[in-house]
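This report goes through the structure shown below, from the parts of one chain to the way the chains meet.

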Number of protein chains: 2
Amino acid sequence: MSTTTAKEVILTGDRPTGPLHLGHYVGSLRQRVELQNRYEQFIIIADAQALTDNASNPEKIRQNILEVTLDYLAIGIDPKITTIFIQSLVPELAELTMYYLNLVSVARLQLNPTVKDEIKQRQFGGGVPAGFFCYPVSQAADITAFKANFIPVGADQIPVIEQSAEIVRNFNRTYNCTVLVEPKALLSNFSRLPGTDGKGKMSKSSGNAIYLCDNADTIKNKVKSMYTDPTHLKVSDPGRIEGNAVFIYLDAFDDDKKALSELKEHYQRGGLADTTVKNRLTDVLIHKLSPIATQRKEYAKDLAQIMAILKKGTEEAKEVAAKTLCEVKNAMQINYFSHPIKIDPTFNS
Amino acid sequence: MSTTTAKEVILTGDRPTGPLHLGHYVGSLRQRVELQNRYEQFIIIADAQALTDNASNPEKIRQNILEVTLDYLAIGIDPKITTIFIQSLVPELAELTMYYLNLVSVARLQLNPTVKDEIKQRQFGGGVPAGFFCYPVSQAADITAFKANFIPVGADQIPVIEQSAEIVRNFNRTYNCTVLVEPKALLSNFSRLPGTDGKGKMSKSSGNAIYLCDNADTIKNKVKSMYTDPTHLKVSDPGRIEGNAVFIYLDAFDDDKKALSELKEHYQRGGLADTTVKNRLTDVLIHKLSPIATQRKEYAKDLAQIMAILKKGTEEAKEVAAKTLCEVKNAMQINYFSHPIKIDPTFNS
């Protein structure tokens with residue numbers, strides 16, 4: 001893709017730790033398909049970041065790079081206009097991270113509420129890996145390397161974007177330059193999809209996810225097991241739609257808003273069985289996901305092509321990141337050979 | 001230099017934050033001149049590490065890269081057999097650091113007594129920079145990239161070498177390989193030279209250093225101001241040589257051990273003036289340092305040659321580090337294009 005256009009830049013991406021699910025789809029994936037036409041979009045497959053809390057399981061990360069890429073292509077990310085790349089293969093990001101680590105205090109990292117929450121969730125047995133603790137700085141490297149203007153995120157990730165913006169301001173001030181671009185969060189209007197158990201966020205680790213690659217039978221079974229309104233015991237009872245995962249999913253996926261509105265009214269006044277609503281959701285999801293599954297199978301037939309897409313995207317990303325790193329190092333005067341060091345007679349005197 | 005010999009590897013080096021002084025000379029520099037014949041020696045000019053607590057002063061680091069290199073060459077480091085290189089220009093070291101950060105816990109870093117002491121000394125105003133906090137991991141990258149067997153250090157640096165050895169064991173165990181080599185500390189038998197004020201270690205920040213590039217007058221004045229035995233008030237008084245900086249320096253630099261032994265006895269039994277001992281030390285130091293100063297001036301006449309030496313050394317170092325990084329990434333299965341990822345039907349199921 002051309003990097004000479006004046007389009008604003010989006011950086012988005014995923015940690016390749018599992019297949020993508022409806023939560024990802026609603027929270028970010030489907031926006032990317034739209035955003036790629038309006039912005040210069042980079043999608044980072046953050047394998048190095050995934051390793052910060054999966055150091056002993058690199059095979060999982062490796063495998064999911066492929067799975068995630070298949071998901072991207074299947075939902076309609078077009079590698080001709082979106083740059084999909086692998087983080088670890090852009091070493092410039094590691095270099096930027098090292099320099100940014102000097103501009104952030106340990107205390108500041110400890111205060112990051114996103115990281116605090118994530119550390120709590122993960123219950124690291126052997127202590128919090130330093131790499132995990134520092135990942136917001138590594139994310140700042142990812143973001144700034146591409147001079148991203150906007151980062152599509154859920155509300156829970158805002159502190160990480162703020163950390164990046166802080167590093168940008170600190171860098172530009174410290175080195176008296178305008179090299180780095182301050183990123184802004186692009187809030188998704190549907191950032192959090194509950195799991196099928198109605199509890200918390202949909203996630204692989206909670207076992208409450210419907211995956212983009214699930215087949216019709218799996219979808220049917222998962223929807224059948226979904227939590228609805230626990231007070232809706234008899235069909236004739238009035239049901240609640242607030243906090244009812246089945247209706248939240250319908251809101252997110254059912255394109256027939258009129259029919260959905262009628263369904264909601266019926267459920268609320270009573271006389272509508274959960275099964276009926278779940279059948280509707282099953283149909284809607286299968287309708288939405290089966291073309292994705294078909295596309296995915298098609299792409300999976302030619303893995304050499306997938307690897308070629310990743311290779312090309314990574315090369316493009318590397319070129320952009322190398323340009324930024326060069327500007328960063330020039331600002332820091334780490335350009336000893338292009339601007340040879342001279343004797344300063346007043347120095348050290 | 002050839003990297004195919006079976007010689008064991010030494011990694012040593014300096015943070016380019018100031019000119020080198022007698023403390024460096026006694027503690028490590030003069031050993032390097034001997035070690036370069038017996039070992040394959042890499043000398044790292046650790047500019048990136050120097051930036052961890054000098055982020056806002058890159059010009060100082062830049063200038064001192066040149067100063068330190070001149071010191072190396074002046075004392076007899078031979079760039080034909082020792083590889084002198086600049087840390088920031090070997091980006092493989094940043095990559096290794098990122099992977100190693102995942103193998104060390106935050107709590108472990110907090111326990112490092114060397115780092116604890118250094119943090120205390122530095123009294124960071126804006127909080128401890130995360131880069132500084134993590135520098136033992138970055139040092140592990142420097143050490144392991146060259147598969148160094150021995151690291152010449154003072155006793156105060158032993159915990160940092162232990163941290164590196166721990167990372168090596170953890171890496172080799174986690175990735176079931178033997179890629180990394182466990183480094184050992186090579187303790188200097190004269191690791192700590194007091195400052196001219198007799199207090200603590202000689203250091204630029206304490207203003208108690210005699211530099212390798214000091215001229216005869218400066219040396220004379222610095223020795224004149226040195227602390228001796230505070231109870232040695234009259235010439236006729238017996239003097240103490242224990243803890244007496246002038247005698248510690250003589251022990252380190254005076255090659256005429258017989259004359260020195262007589263001087264000590266005379267001082268201890270009384271009747272020997274501090275001035276006499278100081279004059280002896282001045283002569284010894286000028287005798288030792290003037291050929292170094294001459295060499296230094298000679299090298300400083302051709303800075304293009306100095307930059308060429310650094311460039312060549314850095315290229316050689318980069319080649320070795322790249323080879324190690326490749327082995328490291330292979331062990332972690334981060335070799336997606338050379339070993340393309342295949343579909344695993346049992347995966348994520």
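## Domains of chain A

Chain A is assigned domain 1 (9-194 + 303-331) and domain 2 (216-297); such bounds come from an automatic or database domain assignment. The model is predicted, so local features need pLDDT of at least 70 and side-chain atom pairs count only at pLDDT 80 or more, while totals for chains, interfaces and linings use all residues. Residues are numbered from 1 along each chain as its sequence is written, and chains are lettered from A and ligands numbered from 1 in the order in which they are written.

The centres of domain 1 of chain A and domain 2 of chain A, taken over C-alpha atoms, are 33 Å apart. In contact across the two are 7 residues of domain 1 of chain A and 6 residues of domain 2 of chain A, where contact requires C-beta atoms, placed from the backbone, to lie within 7 Å. On the domain 1 side, helix 3 (residues 58-75) of chain A gives the largest share, 3 residues. That side of domain 1 of chain A has 7 nonpolar residues, no polar and no charged. Here Ala, Val, Leu, Ile, Met, Phe, Trp, Tyr, Cys and Pro count as nonpolar, Asp, Glu, Lys and Arg as charged, and the others, Gly among them, as polar.

## Chain A as a whole

Chain A has 14 helices and 5 strands. These are DSSP runs numbered from the N terminus: helices are H or I with at least four residues, strands E with at least two. The C-alpha trace of chain A spans about 90 × 45 × 40 Å along its principal axes.

## Where the chains meet

Chain B brings 56 residues into contact with 56 residues of chain A. Elements of chain B that give two or more residues to this side are helix 2 (47-51), helix 3 (58-75), helix 4 (92-101), helix 5 (106-111), helix 7 (130-133) and helix 14 (303-331). Helix 3 of chain B supplies the largest share, 7 residues. By type, the side of chain B that touches chain A holds 34 nonpolar, 14 polar and 8 charged residues.
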